[in-house]
Amino acid sequence: MIGPGGWDAAAVRRSAAAARDLAGLDARITGCRACPRLVEWREQVARDRRAAYRDQEYWGRPVPGFGPADARICVVGLAPAAHGANRTGRMFTGDRSGEWLYAALHRAGLASRAASVGVDDGLRLHGVRITAAVRCAPPANRPTPAERDTCRGWLDRELALLAPTLRVFLVLGAFGWTALWAALRAAGHPVPVAVPAFGHGVEVAVDGLGVHVLASYHVSQQNTFTGRLTAPMLDAVLARAVALAARHDPDGPDGSDGPDSSDSSDSSDSSDSSDSSDGVDGR
Ligand code: SF4
């Protein structure tokens, strides 16, 4: 798969590898054109626009991660929504999914405000970075496996740059779950041979890496409108992420618990391995 301008998966990896820091990586991501189908879709959506946003200029490009470079928690979603992040240029910003996520992050003490409106709204995240498996809005919120694998070059590098402080991954939805485990495996980390089954509340300690991987149902409208994911459910998994991150924090409430902490692992919850799609920031 070769995109406009000759971009392909190898070019993504070369460009990502050359990024010395997250700011540099983010800048490189926004210029990526490796996936022809997604490039065409994101730009078409930006040209056509939804009636409600007709007077706005859409971002229409890949969306970089959002949050500080020394984050201890990384939230991994699926992909930008056509009229959400693809419009505003910030992950989970401009749609109902984002309203849910940022409100929960604020309740957890991880966001300075309860709403993310746009890139210039002054919102700050504390100790958490939000990223996605795929950086461009896909038609019907469904990236292909090839697009996911091509975009993983960016995710791999982002995780490597975050590694010195990162202690907890919180993955929203099964698509991101699969992508994250592939990224960890590709980086040579000692992850389970079989990808642990996805399910809300699943928690896996990656021995030797000093991180925990948590799973949550995606904050999609299909999940939140139906009550499959409730605010208390999301609050609980975020609270767990905060607690685990603090356990590894030498300045935290339990600073004696270092990276080799052997918190119990539970990858057995396979109650639901499906994702739901609702057209907003993936599943
Ligand atoms: S999905 Fe990722 S790899 Fe594909 S064009 Fe967008 S940023 Fe590039």
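Helix H6 gives the shell around the ligand its largest share, four residues. The model is a predicted one, in which local features need pLDDT of at least 70 and side-chain atom pairs count only at pLDDT 80 or more, while totals for chains, interfaces and linings use all residues. Numbering starts from 1 along each chain, as its sequence is written. Helices (H or I, at least four residues) and strands (E, at least two) are DSSP runs, numbered from the N terminus.

In total, 17 residues surround the ligand, and Cys32, Cys35, Pro62, Cys136 and Cys151 are the closest. A residue counts as near a molecule or strand if its C-beta atom, placed from the backbone, lies within 6 Å of it. Helix H3 (36-48) and helix H6 (145-162) each supply at least two residues of this shell. Sorted by class, the shell has twelve nonpolar, two polar and three charged residues (nonpolar: Ala, Val, Leu, Ile, Met, Phe, Trp, Tyr, Cys and Pro; charged: Asp, Glu, Lys and Arg; polar: the others, Gly among them).

H6 also packs against helix H2 (residues 22-29), at an angle of about 170° and with the axes 10 Å apart. Axes here are lines fitted to C-alpha atoms, for helices over the stretch in contact, and angles run from 0 to 180 degrees between N-to-C directions. H2 and H6 are therefore roughly antiparallel, the label for angles over 145 degrees. Leu22, Leu25 and Ile29 of H2 meet Trp154, Arg157, Glu158 and Leu161 of H6, with contact meaning C-beta atoms, placed from the backbone, within 7 Å. That makes five nonpolar, no polar and two charged residues.

Then there is the sheet: open, five strands, in the order E2-E1-E3-E5-E4 with mixed pairing. Two strands pair if DSSP finds at least two bridges between them. Strand E2 (128-132) and strand E4 (203-206) sit at the edges with a single partner strand each, so one side of each has no neighbour in the sheet. From one strand to the next, the twist averages 20°.

Strand E5 (residues 211-216) runs antiparallel to E4, joined by four bridges, and parallel to E3, joined by five. Val211 is the bridge partner of Val206, and His212 that of Val168. E4 and E5 form a hairpin with four residues between them, and Gly208 in the turn has a positive phi of about 90°. Val211, Val213 and Ala215 point one way from E5, and His212, Leu214 and Ser216 the other, all of them buried (20 or more other C-beta atoms within 10 Å of the residue's own, C-beta atoms being placed from the backbone).

Conventions
Parallel < 35°, antiparallel > 145°, perpendicular 65-115°, else oblique. Contact = placed C-beta atoms within 7 Å. Buried ≥ 20, exposed ≤ 12 C-beta atoms within 10 Å, placed from the backbone.
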